[in-house]
Amino acid sequence: MNPAVINQSLSNARALAFLRISVGILFFIFGEYKVFGTQFTLHGAFQFWINRFLADGAYPFMLPVLRGFVLPHATAIAFLVAYGELAIGIALFLGICVRPASFFGLLYMITLLFSSNYPGAQAPFWQYFGASLDHFVLTLCFVAFLIGRADALWSLGAWRNAKAALAVARSQQKAR
């Protein structure tokens with residue numbers, strides 16, 4: 001195999017692993033304050049944000065969902081959000097269950113995007129992207145983690161595989 005291709009692949013794997021770990025740290029931070037504090041889950045912060053989305057930012061098709069389903073089940077959904085963010089953060093940071101975590105992260109980001117980034121019916125097409133940058137960038141990260149092998153480096157799985165390969169190599173050397 002061409003050494004330049006190997007170096008390029010290793011650089012790409014490092015970049016994707018760095019991005020995965022960075023997003024994992026962000027989600028860990030987002031989730032831990034919600035899980036270990038009670039303001040978000042039990043004292044109305046989640047409902048505050050949903051009401052804010054309803055007042056100034058939800059896409060029209062999300063309004064009945066937010067009013068009719070999310071607000072009536074706000075406490076349960078707040079716990080789901082808090083523990084979901086924490087689980088996504090831990091999974092991405094450690095490099096375990098990266099694809100399932102990325103799928104749920106993608107679903108979560110799309111939900112947030114449609115719940116909070118509506119620029120208005122009269123907005124030009126490009127403003128839909130400009131209004132959604134805070135969620136769209138993380139959406140793209142999750143897509144990259146789903147497409148690529150974000151767990152190929154700097155993950156528990158990679159460490160376990162390297163450890164197993166080393167054990168096999170040692171046992172083959174002893175057999176000679």
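## Exercises on pockets, salt bridges and surface residues

The side chains of R149 and D151 form a salt bridge, 3.1 Å from N to O. The model is predicted, so local features need pLDDT of at least 70, side-chain atom pairs count only at pLDDT 80 or more, and totals for chains, interfaces and linings use all residues. Residues are numbered from 1 along each chain as its sequence is written, and side-chain values use heavy atoms, with hydrogens and water left out.

### Exercise 1: Salt bridges

Find how many salt bridges the structure holds, and describe the partners of each.

**Step 1.** Apply the cut-off: a side-chain nitrogen of Lys or Arg lies within 4 Å of a carboxyl oxygen of Asp or Glu. Side chains of opposite charge can pair when their charged atoms come close.

**Step 2.** Count. The structure holds two salt bridges.

**Step 3.** Take K34 and E85. Their closest N and O atoms are 2.7 Å apart. K34 lies in helix α1 and E85 in helix α5, so the pair ties together parts that are 51 residues apart in sequence. Helices here are DSSP runs (H or I, at least four residues), numbered from the N terminus.

**Step 4.** Check the cover of K34 and E85. Buried means under 20% relative accessible area, exposed over 50%, and partly exposed in between (1.4 Å probe, protein chains only). K34 has 7% relative accessibility, so K34 is buried. E85 is buried too, because its relative accessible area is 3%.

**Step 5.** Do likewise for R149 and D151. R149 counts as partly exposed because its relative accessibility is 49%. D151 has a relative accessible area of 25%, so D151 is partly exposed.

### Exercise 2: The largest pocket

State the volume of the largest pocket, then work out what lines it.

**Step 1.** On a 1 Å grid over the protein atoms alone, a 1.4 Å probe is fitted; a pocket is an open set of points with protein on both sides within 12 Å along at least five of seven lines, and lining residues have an atom within 4 Å of a point. Grid points are joined across faces, edges and corners, and the volume is the space filled by probe spheres set on the points.

**Step 2.** Read the volume. The largest pocket holds about 1100 Å³ of space.

**Step 3.** List the lining. There are 38 lining residues, and F46, V81, E85, Y108 and L112 lie nearest the centre. Two or more residues come from each of α1 (3–36), α2 (39–42), α3 (45–56), α4 (63–70), α5 (74–94), α6 (98–116) and α8 (133–147). The most come from α6, which gives eight residues.

**Step 4.** Sort by class. Ala, Val, Leu, Ile, Met, Phe, Trp, Tyr, Cys and Pro count as nonpolar, Asp, Glu, Lys and Arg as charged, and the others, Gly among them, as polar. The lining has 24 nonpolar, nine polar and five charged residues.

### Exercise 3: The second largest pocket

Describe the second largest pocket by volume, lining and class.

**Step 1.** About 160 Å³ of space lies in this pocket.

**Step 2.** Its lining has 13 residues, with G95, D151, S155, G157 and A158 nearest the centre. Both α6 and α9 (156–175) give two or more residues. With four residues, α9 gives the most.

**Step 3.** The lining divides into five nonpolar, four polar and four charged residues.

### Exercise 4: A nonpolar patch

Identify the residues of the nonpolar patch and the helices that supply them.

**Step 1.** Set the rule. Patch residues have over 30% relative accessible area and no salt bridge; nonpolar side chains (Val, Leu, Ile, Met, Phe, Trp, Tyr) are joined within 5 Å, like charges within 9 Å.

**Step 2.** List the members: I25, L26, F28, I29, F30, Y33, I90 and F93, with about 690 Å² of accessible area together. Areas come from the Shrake-Rupley method with a 1.4 Å probe, and for residues only the protein chains shown count as cover.

**Step 3.** Assign helices. α1 and α5 each supply at least two residues. The largest share, six residues, comes from α1.

**Step 4.** Inspect two members. F28, in helix α1, is partly exposed because its relative accessibility is 38%. F93, in helix α5, is partly exposed because its relative accessibility is 39%.

### Exercise 5: Positive phi

Locate C97 and W154, and give their phi values.

**Step 1.** C97 is not a glycine, yet has a positive phi of about 50°. C97 sits in the loop between α5 and α6. At 57% relative accessibility, C97 is exposed.

**Step 2.** W154 has a positive phi near 55° and is likewise a residue other than glycine. W154 lies in the loop between α8 and α9. At 46% relative accessibility, W154 is partly exposed.
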